[in-house]
Amino acid sequence: MNLTFTRIDLDPHIRSQVAQILNDAAVTLTDLYVQSKLAHWNVRGPHFIAYHELFDQVAEHVQESLDSVAERAVTLGSSGGQPIGQVAQLSPLDPWPMGERHDQHVIRLLSDRLGVAANQIRSAIAQTAELDPGSSDLFTEVSRQLDQDLWFLEAHQE
Ligand SMILES: [Fe+2]
């Protein structure tokens, strides 16, 4: 990876390694953002308004996290984020099943995907802890938000 010049004194090899972890997270968060919106737009059923609003809140938090994660990669001298075609290829999340609209199914599907993302980011905290505490701290913040959103989703289910 070609890194841009920065006065940050981390070894370029470390910056490159951490940026890769950040951009992997950005891929997952980009996919999770779109899938949260698909849930927000397509959900139907007795819980429509509660879920419609909840899924939008999730999408908003994910978008903010994505922005911080991609910008941290750029801060370290890397490129930030991935084009949508790459996201589709690289994301660890199952694709969104467009036929599914029933509120109880939709909330479970979104919980599954949010869980995968939350666990990936949790492991990124440890992966970057020694290499770059600044990125690790950002992952900690993102992880806490994802965990809380997962709680909100799970608390709406039996
Ligand atoms: Fe909306």
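1. Helices, the elements to which residues are assigned below, are DSSP runs of H or I of at least four residues, numbered from the N terminus. The structure is a predicted model, in which local features need pLDDT of at least 70 and side-chain atom pairs count only at pLDDT 80 or more, whereas totals for chains, interfaces and linings use all residues. Residues are numbered from 1 along each chain as its sequence is written, and side-chain values use heavy atoms, with hydrogens and water left out.

2. T128 belongs to helix α4, which spans residues 103–129. Its relative accessibility is 0%, and T128 therefore counts as buried (buried means under 20% relative accessible area, exposed over 50%, and partly exposed in between, with a 1.4 Å probe and protein chains only). A polar atom of the T128 side chain lies 2.7 Å from the backbone oxygen of A124. When residues up to four places away in sequence are not counted, T128 touches V18, I21, P133, S135, S136 and F139 (contact means heavy atoms within 4.5 Å).

3. L153 is located in helix α5, residues 133–155. This residue is likewise assigned by its accessibility: at 0%, L153 counts as buried. Apart from neighbours within four places in sequence, the contacts of L153 are L54, F55, V58, I107, L110, S111 and L114. I21 and L153 stand 132 residues apart along the chain, and their C-alpha atoms are separated by 26 Å.

4. Two aromatic pairs are present in the structure. Rings of Phe, Tyr and Trp (its six-membered ring) pair if their centres lie within 6.5 Å; planes under 30 degrees apart count as stacked, over 60 as edge-to-face and the rest as tilted. For Y51 and F55, the ring centres are 5.7 Å apart and the planes meet at 45°, so this pair is tilted. Y51 and F55 are four residues apart in helix α2 (residues 48–75), and are therefore separated by about one helical turn. Both residues, Y51 and F55, are buried.

5. The rings of W151 and F152 have centres 5.1 Å apart and planes at 85°, so the pair is edge-to-face. W151 has a relative accessible area of 51% and is therefore exposed. F152, with a relative accessible area of 31%, is partly exposed.

6. V34 is part of helix α1, residues 12–42. Its relative accessible area is 33%, so V34 is partly exposed. Between V34 and A59 there are 7.7 Å from C-alpha to C-alpha, with the two residues 25 apart in sequence.

Conventions: Helices (H or I, at least four residues) and strands (E, at least two) are DSSP runs, numbered from the N terminus. A polar contact is a pair of N or O atoms within 3.5 Å; within protein, one must be able to donate a hydrogen and the other to accept it, and residues adjacent in sequence count only if both atoms are side-chain atoms.
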